[in-house]
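Please open the structure in your viewer and keep the selection tool at hand. The tour below moves from one selection to the next and says what is found at each stop.

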Amino acid sequence: MERHDAIVIGAGLNGLVAAAYMARAGFDVLVLDRASAPGGVSAAHEIAPGFRLPRYTLGSGGLPPRIAADLGLAEHGLRFIRAEGGVSIFPDGSYHASYRDGAVHRREIARFSRRDADAFTHYRRDMLRAARGLAPLLSGPARVRAKGLFAGLRARLSFADRIASIAPDDLNDMLRLWALPMSEYLDTYFESDAVKAHLASAALIGGTLGPCSPTGASRLVGPWLSETGGAMGGAPDTLMPYGGPAALVDALTGVLDANGGRLRLEAEVTDILSKDAKVRGVVLANGEEIGADAILSGLDVKRSFLSLFRWKDLPEGLVERVGRVRMKGVAAKVNIALDAIPEFPYLPEGCPSLGGGLRLTGHIPAMERAFSDWRDRMPPRDPLIDVLIPSLVDPSLAPPGKHVLSALVQFVPETLHEGAWSDDRRDALRDLVTARLAEVSPGIETRILACEVLLPDDIENEIGLTGGDLAYGETTLDQMFMNRPFPGHGGASTPLRNFYLCSPSAHPGPLVMGGSGANAAAEVIAALGGRR
Amino acid sequence: MTPDTAPRKEEPTEPNRADIDPQDEQAPVDPALFEEKPAAPPFERTVLTTPLHLVTSLESRTNRWTDWNGYTVPEVLTGLEDEYRALRGAAALMDVSPLVKYRIAGRDALAFLQRLVTRDIENLGVHRAVHVVLCESRGLVLGDGLLFRLGDDEYRLVTEETHLAWLMDSTEGFRVRIEDVSATLGTLSLQGPLSAFVLMHAGIGDIASLAPSAARWVTIAGMPVYLSRTGASGDLGYELWSDAEDAPHVWRWLVECGGPLGLRAAGFSLRELARLEAGLPRAGTDYLSAFAAIDARDALPPAAIWASPVIDLDKGVFNGRVALRRRADEPPARRIVSLAIEGLEPLRFSALSLEGRIVGTATSTGFSPALGTNIAIAVIDSEVAAAGALLAAAERRDGLSVRETLASVRVLAGPARSHPRRLAVPAPLRP
């Protein structure tokens, strides 16, 4: 039987990060993927010849500089673009942009409220304080200190005296952030509806909470977690890999290759060989068996356990625990190829923030209505649409003068109250999105060369992501940190020996791009005994 | 055909402009003239200019500019040494328009301000100014500034950073109106031993009688100017507050009247050096507002920033009183001090160490001609403030090589420069 030190199932972003870390540490790594090209969710995709954009995700976000530096991705051609933080356009035609520069961003807020421009200082402090508090938790396991840190966190949370020793005001700041709904939390800083809507719309994308759902405020910290978030005193910027997420995949496979790791495509793992809660190898669809000291799954937690194992081989209670993990699709993806540059008459000419994304959103009550529609499994009537036109800052993604447009339509249910999505409903959604785009960019509908709509169900069917949940599991507090993927296993290791999760279903999940892969690699390297 | 009936040759006439008749007061006016133009979006000009930008550009020999509170101001206009000589020997004129100015007015203005600041301002007379400190509820400093009383129920608060959200959040229950009037005012700072003399030459009568921290309305070259005997130089000095449109003309007039007396226009570097010599910490540089301090340790109580901050615990309720009362007995863990660092040449340094341990950070540094040595404002651990053996790690480039030197540091008991002239009444007209 063929043997390797480690096998990674799924050549998605996190799987490749984990494999690259292990290969660099001298491990003999094999990555298996059932598709004919690596990348998983981030795989290269052409909607029309020469029009490249990620099929399932928006395509913004970059690996943390720490991971990029650890793996030497720059040597394999990876470059990042820093764009401004994006623009929101509201139904009344007004807009709110984000700028990295503190003075400019404050002047932008002052267009709505001078008071809020000043309040931004206080808001930024609290966001950065929270982000700094979280940072050691998020990057810790990558430095093989996961156990100590999590034990430390548990100790901190369990000892009442520890909490009593925090100054009451600090404790209150912390509780407000982790307990309040986003809308109420923003009310404590800002008075302008536009300012609040701009911040909330950015934080809602990809989550299963509405702006008025309790505990939602913690999502506001997300954009500030990047190591450069708010470094210039203004709003956090948007980081994009040059060439799109596919370029990340290329660079990672390059690192894997250069360090002797192997990538086998069109090799679907159908079973995992296990005995007495200990795994020792995988079985491919063609019946081939491959052994390994460690097996890392880049699939989501449900698929990893429920489809790769015989349920009776799993330890007691695990099937139920995995079953209880909530994975829900919240967004549909719309990909569009454009014949010419879209115009945005509501935005001032040359607005640099447009490169960082565009959100079509009402104020907070409208977002809450969109959220209740989702909860009631209604087809979206007035969704929050997050648009990225990556070819504005990265012309390599489309033929000269032409553009690609990615849109995430937030709050699209997996199934409707009336049953599965019908073709009429799907067409209605496409028409709704193009109509909303045409409202802010007249004439865009005449420039569309190709358009595709991917519902959560399509995402599940095509890449096997349960529920089409791009977050790999709801990101509410009960499923984050030491609870991710399930309580007591905040990290990559699982109740099965030698079996690890390296997908965002494991801590830190979608909070840090590639973070779950890096953490998993660190745990495996530590468990298998360091550098080889 | 008589001339009367002959068809008249069409004379070239003015195009039909019946709608615009200069004699007719009711004539329609081009509405575009009065249309409110949308302001330029913030990204178009990332740094604003002050009302005095044109006149300072004309004075600038160096074309060196710097960013102060989001405004472009000259860093150096002629040369720092030259400007410093004028400041200490004659007079220097600086553009300080980027300071933040709030108008606080209303029948509860006094009560509101009593709530806002730590010192008792009950007895602040009209046309008087006083240094005030703003604290939040934990007794940590948000900022400091000058408070002017312009009238019975009208005040002006001048600060380094914006505080509008805190001011407005504190108005609950007070009948008071707060406006940011920063953009409507041009502010000039005239500092130096001859500053009173220059003002006298500029046509202001009885300037010597203006007491320190007092102010009055004067007319300079026909323009109304609010003149106050204030400034951050540790010497005699005045600040002139005028309409933004008038400010360039006031500037030109002062330069014209003062030039022959030795007055020099100066840039931001001189203001920083004068402030450093006077030992005045600046918000955002030497200390951080409690609302901006991401590391909680960087938020300081008043006693850490000023040697003897005025805190009137008995004046009644004010923001931070409970916490400040509690803090009154405990010395702050860190404090801001003025330092002298040996070594003649201008040094670049920021870390301050004691026995190999970093115990503080120099936040403003410069070479003080008054003391003939490098000086700094620094925040250091309180317990080492008394210890003598502090060292500053300085880096010196020599060609392509770099030398690291450890310079010994002395904590100064008082400011590097403070001239009794600053408080003299009447103000001396000659040095």
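Two residues are taken to be in contact if their C-beta atoms, placed from the backbone, lie within 7 Å. What you have open is a predicted model, and the scores that come with it are an ipTM of 0.87 and a pTM of 0.90.

Begin by selecting the residues where the two chains meet: the contact takes 16 residues from chain B and 20 residues from chain A. On the chain B side, go next to helix H4, residues 164–169, which supplies three residues, the largest share of the side that touches chain A. If you colour that side of chain B by class, you will find 10 nonpolar, four polar and two charged residues.

Now select chain B by itself, where the average pLDDT is 87 and 91% of the residues score at least 70.

Then turn to the place where the domains of chain B touch, with 16 residues of domain 1 in contact with 14 residues of domain 2. On the domain 1 side, select helix H7 (268–277) and helix H8 (302–305) of chain B, each of which supplies at least two residues. The largest share of that side, four residues, comes from H7(B).

Key
Residues numbered from 1 in each chain as written. Chains lettered and ligands numbered in written order. Predicted model: local features only at pLDDT ≥ 70, side-chain atom pairs only at ≥ 80, totals over all residues. Nonpolar A, V, L, I, M, F, W, Y, C, P; charged D, E, K, R; others polar. pLDDT = per-residue confidence, 0-100.
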